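Trainee: Could we go through this model together? I'd like to know what stands behind the labels.

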Amino acid sequence: MLGVINVRDKRSNNLSKVYGVRRSLASSSSAWERIEDAVGLVANAQVGTTAVRNDFDSIYPWSDIITCNYNNSTKKVTAYYGDANFSFTGGTNIQVMTIIPEFYYRRYVSDGYEYVLISKDKLSGFIQSKEFMIGRYTMSGSASGVYSRSGQAPFVNKTIAEFRQYAKNLGAGWSQLDWHYFLIQLLYLVEYADYNIQSKIGPGHTNANNTAAKASGGCNSLGMKSGTPVKNATNSVIYRGIEDLYGNIWQFFDGINIKNYQAYINYNPSSYASDVFDGDYQKLGYVNSSTSGSYITALGYDPKHPLVGLPTDVNGSSNSYMTDYYWTANENRIALVGGRSVNGFAAGLWCWYCGETSSDAWTVIGARLLKTS
């Protein structure tokens, strides 16, 4: 574990905490090994309101993730979850958002292992993740105004460009789900140390016999806890204040364009555009798998873009490797994540659909708000 030793040696006065996991690239198991200060920690998810042990509840940054009411007119947080005036349903100009605080991360590959490390402090080789807000719920509303609020049906049947514009209409700093999704993946991985989020958090609304999308708010009773009201395939799930990250409806992933299985990543929301493969869109150092309709067995790694891990190999299963499904097609494509209400075990935090074009709009595809400034 040379890479890990180097990190520890470069800590300031050896006081900085590093929480990490590692996994052999040759392993078919979905499980990761806890390393550094994560060794011995336990993370359980709730079923209903029955309390469980989760050591990460008191460890930064997980401890400081909090849902809030954000007034988009005054540009201020008006209440945090737990305050007397907090509301899941929001109100005029109020968005119900979850704050992900600043932290530092490192994802790298060394000696046949992949490592993911997270720290509160800036350490050698670590990259800063600035504070951002993500919709607690998938986007609802209409073309005249979108929001993240409880009790609302998902807004669907619009193109990725239309959702992009609806988010922009809210003002500066607003966009839809993008590369920040990879940061959520890292936070989850270090906390639960397993790709199989359906086994750890809950199946999500993925029952093949129930195709209708659920209204938002199914997990309000859990507050800031991760889990599900009832652990079956007809209930929503929540991870750290983000409901239905997988299941219920597909969600557009902005800032990734794909041409003949070659993905390009853009980190600048102001220049997001469909079917663009130059400028702020940077070519990844690997090519996505061209095999569609199978469980993922490997994710790409580009040291120039260490955060971005897209499917490069398939033919796994629902309880091995990444445990989630991947669909794709050639020519110009966009990315969807999570899976929907009929995807069953195929859904999850690593479930990708890269077979849609930028002009596609369906009743099973929606979006999620993001605010970065």
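Trainee: Which residues form one aromatic cluster here?

Mentor: Trp32, Tyr188, Tyr192, Tyr195, Tyr239 and Trp350 do. Keep in mind that this is a predicted model, where local features need pLDDT of at least 70, side-chain atom pairs count only at pLDDT 80 or more, and totals for chains, interfaces and linings use all residues. Residues are numbered from 1 along each chain as its sequence is written, and side-chain values use heavy atoms, with hydrogens and water left out.

Trainee: How many aromatic pairs does the structure hold?

Mentor: There are 32 aromatic pairs. Rings of Phe, Tyr and Trp (its six-membered ring) pair if their centres lie within 6.5 Å; planes under 30 degrees apart count as stacked, over 60 as edge-to-face and the rest as tilted.

Trainee: Why is the pair of Tyr19 and Phe56 called edge-to-face?

Mentor: The ring centres of Tyr19 and Phe56 are 6.5 Å apart and the planes stand at 65°, so edge-to-face is the label. Tyr19 sits in strand S1 and Phe56 in the loop between strand S3 and strand S4, so the pair ties together parts 37 residues apart in sequence. Strands are DSSP runs (E, at least two residues), numbered from the N terminus.

Trainee: What about Tyr70 and Trp174: what makes that pair edge-to-face?

Mentor: Their ring centres are 6.1 Å apart with planes at 65°, so that pair is edge-to-face. Tyr70 belongs to strand S4 and Trp174 to strand S13, so parts 104 residues apart in sequence are tied together.

Trainee: Are Tyr70 and Trp174 buried or exposed?

Mentor: Tyr70 is buried, and Trp174 is too. Buried means under 20% relative accessible area, exposed over 50%, partly exposed in between (1.4 Å probe, protein chains only).

Trainee: What lies over the face of Tyr113?

Mentor: Arg22 does, at 3.8 Å from the ring centre. Arg149 lies over the face of Tyr147, at 4.1 Å from the ring centre. The rule asks for NZ of Lys or CZ of Arg within 6 Å of the ring centre and within 35 degrees of the ring normal.

Trainee: Why do S17 and S23 count as paired strands?

Mentor: Two strands pair if DSSP finds at least two bridges between them. S17 and S23 have five, in the antiparallel sense, and Gln251 has Val337 as its bridge partner in S23. S23 also pairs with S24 in the antiparallel sense, over two bridges, and Val337 stands opposite Trp352 there.

Trainee: What makes S23 mostly covered?

Mentor: Five of its six residues are buried.

Methods:
Helix = DSSP H or I, 4+ residues; strand = E, 2+ residues; numbered from the N terminus.
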